[in-house]
Amino acid sequence: LNQVQNDLLDEMAISFKGLSQFEIENILALAVNEDNGELTKRSLKFIFEQKRQRIIKSGILDMIPPKETIEDIGGLDNLKKWLTKKAKVFKNIDKAQGVLIAGVPGCGKSLNAKAAAALFEVPLLRLDMGRIMGKYVGESEANMRKAIGLAEAIAPCVVWIDELEKGLAGIGGDNGGSDVTTRLFGSLLTWMQEKESAAFVVATANDITK
């Protein structure tokens, strides 16, 4: 029983990353009040809700409440086994991992991203490249840095980049717009390679040739 309680406390401590002392104290007070004076697995929902409010205020990322589970996915047995193994690792060490899910529209790419967050029991952040792109010089790059900073603060989490090839279309071209997307893609790859936070990146794509 003591080991179970210690594991829960460790999990909650990691989940509190990115929140202020004031926010943490409020969450603990609410959680204890809801669970008859105890901290339980249900207490994690208060942490997620506080983080969701912080993400909403940013205006760049969305926090998606994943209702889907790994059991909702038909087929894709290899991917489900892989995710299940990664869930055990993800909950115990602070190492970033990632997966690119490619396929035709409607084959379950987004479903897998949501199910992964539910399986890992962490917030799901959706990065919308349309919100990243700004109309002023340097604005897009600043938005990307802000989004990455938020993901780092909220971690552990799953960062879901949907339809990657559409958001970063034009990389390697000759016009000014392609220069921006090339820099954004470079920033994203550098972050994925060098970060030490427990942010699991899921990118979905309909056409990987792009």
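Helices (H or I, at least four residues) and strands (E, at least two) are DSSP runs, numbered from the N terminus. This is a predicted model, in which local features need pLDDT of at least 70, side-chain atom pairs count only at pLDDT 80 or more, and totals for chains, interfaces and linings use all residues. Residues are numbered from 1 along each chain as its sequence is written, and side-chain values use heavy atoms, with hydrogens and water left out.

**View 1. The largest cavity is lined by residues that include Leu-61, Leu-127 and Trp-191.** A cavity is a set of points on a 1 Å grid over the protein atoms alone where a 1.4 Å probe fits but cannot get out; lining residues have an atom within 4 Å of a point. The volume, the space filled by probe spheres set on points joined across faces, edges and corners, is about 50 Å³ for the largest cavity. Helix H7 (139–154) and helix H9 (176–194) each supply at least two lining residues, and H7 gives the most, with three. The lining comprises eight nonpolar residues (Ala, Val, Leu, Ile, Met, Phe, Trp, Tyr, Cys and Pro count as nonpolar), no polar and no charged ones (Asp, Glu, Lys and Arg are charged, the others, Gly among them, polar).

**View 2. The second largest pocket has 16 lining residues.** A pocket is an open set of points with protein on both sides within 12 Å along at least five of seven lines. Lys-45, Phe-48, Pro-66, Val-122 and Pro-123 lie nearest the centre of the second largest pocket. Helix H3 gives the most to this lining, with five residues. Eleven lining residues are nonpolar and five are charged.
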